Amino acid sequence: MADRRRKPGFETLAIHAGQEPEAVTGAVVVPIFQTSTFAQEAVGKHTGYDYARTANPTRTALETCLAALEGARWGLAFSSGMAASDAVAHLLSAGDHVVMGDDVYGGTYRLFARVFDRLGVALSPVDMREPARAQRAMRKKTKLVWIETPSNPLLKVLDIAALAEIAHKGGALALVDNTFASPYLQQPLKLGADIALHSTTKYIGGHSDVVGGALVGNEPELRSRLAFVQNAAGGVPGPLDAWLVLRGAKTLALRMERHSANAQAVAIWLHEHPKVLRVNYPGLASHPHHDLARRQMREFGGMVSFELRGGEAAAKRMAARTEIFTLGESLGGVESLIEVPLPMTHASVRGTKLAPPAGLVRLSVGIETVGDLIGDLAQAIG
Ligand code: P1T
């Protein structure tokens with residue numbers, strides 16, 4: 001007999017949290033509640049659902065599941081990772097200040113440097129691999145410390161516990177963009193962060209068929225401020241998109257195991273290749289923060305970046321020659337992708353201090369047969 005006192009494991013939560021069989025029909029899979037509004041018995045007397053921007057049962061199931069996966073009390077789903085980031089930025093006011101890692105998704109930097117900057121929110125990008133640098137960047141008006149780890153595209157690993165402590169001592173919120181790791185590999189709230197952010201477009205969705213985002217946390221007051229913005233600004237996912245992310249989440253653990261194993265093999269192969277100058281992968285003993293990654297992550301994930309001899313031209317040539325790795329933006333799907341960050345995902349930081357090396361190639365290592373992946377890279381590297 002099942003031990004009812006046992007706390008359910010990650011895989012069980014991924015399949016069942018928020019996903020009881022549906023009350024009316026017994027449908028095992030959460031239905032796609034494709035409706036914009038809900039009937040009320042009398043004015044204000046309703047099931048808890050009144051209008052689908054505010055809440056929708058398919059989205060509620062997803063939000064409950066995502067919270068469970070991070071070991072958190074609440075989750076909020078958004079229409080994209082950027083919509084989730086935007087909701088957090090809306091907690092700030094003119095005069096406030098943000099400390100952010102100096103290697104983040106280009107769109108995240110763009111949101112703060114080009115949208116919220118105009119509204120009076122100041123930004124300091126810093127290399128937070130040395131937490132003391134983040135400490136020095138803190139100001140009286142610092143309200144948010146933005147920690148992306150592992151970072152996009154250089155796979156920098158940041159010390160979540162140390163940075164969260166610095167944020168809290170300075171009276172700021174600590175947010176971790178947990179997109180690259182996924183909650184299976186890393187649980188920032190348990191290390192002291194206030195908010196974990198996901199582009200659910202990536203590993204949680206896992207099949208490159210949906211764009212979405214999420215925030216999870218524990219503090220009820222923070223939830224109500226963010227839920228207010230979610231409803232007031234309206235960056236919510238539709239029910240089909242929420243359903244696709246929820247379906248993807250069911251297999252997250254299995255996929256992350258294979259992504260990590262494949263990426264480790266690819267990183268080792270690249271590390272030994274004479275045409276490769278440098279490989280960025282937290283699972284390599286040569287990674288400067290390999291020990292920290294071992295402490296705060298379960299495995300090292302599916303993202304690898306590397307610099308080729310021959311710079312940008314060599315990078316572009318290789319990216320155009322792969323046959324199994326598809327040349328494209330995004331990451332985290334079952335299929336392998338290759339891209340050159342500077343002209344693609346990080347074009348918005350070109351010309352800034354945050355620009356990645358021109359010759360950097362980024363791989364999202366999928367769950368195909370690993371020998372096929374290495375064979376493809378071998379023929380493309382030329
Ligand atoms: O694309 P969207 O769902 O809005 O998520 C934005 C985002 C946020 N955080 C991280 C770490 C990300 O990598 C992204 C999106 N990144 C890509 C599209 C990319 O190819 O890097």
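Reader: From which domains does the lining of the largest pocket draw at least three residues each?

Author: This is a predicted model, in which local features need pLDDT of at least 70 and side-chain atom pairs count only at pLDDT 80 or more, while totals for chains, interfaces and linings use all residues. Residues are numbered from 1 along each chain as its sequence is written, and side-chain values use heavy atoms, with hydrogens and water left out. A pocket is an open set of points on a 1 Å grid over the protein atoms alone, where a 1.4 Å probe fits and protein lies on both sides within 12 Å along at least five of seven lines, and its lining residues have an atom within 4 Å of a point. With bounds that come from an automatic or database domain assignment, the lining draws at least three residues from each of domain 1 (10-249) and domain 2 (252-381).

Reader: Which element gives the most to the lining of the largest pocket?

Author: The lining has 22 residues, and Met82, Tyr105, Asn152, Ser199 and Lys202 are those nearest the centre of the pocket. The one that gives the most, with 3 residues, is helix 3.

Reader: How much area is buried between domain 1 and domain 2?

Author: Although their C-alpha centres lie 25 Å apart, 40 residues of domain 1 are in contact (heavy atoms within 4.5 Å) with 41 residues of domain 2. On the domain 1 side, Tyr184, Leu185 and Tyr203 lose the most area to domain 2, together 24% of what that side buries. Counting the accessible area (1.4 Å probe) that two parts lose on being put together, summed over both, and with carbon and sulfur atoms giving 63%, the buried area is about 3400 Å².

Reader: How many salt bridges does a search of the whole structure find?

Author: A salt bridge here has a side-chain nitrogen of Lys or Arg within 4 Å of a carboxyl oxygen of Asp or Glu, and between domain 1 and domain 2 the count is 0. In the whole structure, the number found is 12.

Reader: Where does lysine 156, the partner of aspartate 102 in a salt bridge, lie in the chain?

Author: The side chains of aspartate 102 and lysine 156 meet at 2.8 Å, N to O. Aspartate 102 is in the loop between strand 2 (97-101) and helix 4 (106-116), and 54 residues separate it from lysine 156, which is in the loop between strand 4 (142-148) and helix 6 (160-169).

Conventions
Helix = DSSP H or I, 4+ residues; strand = E, 2+ residues; numbered from the N terminus.
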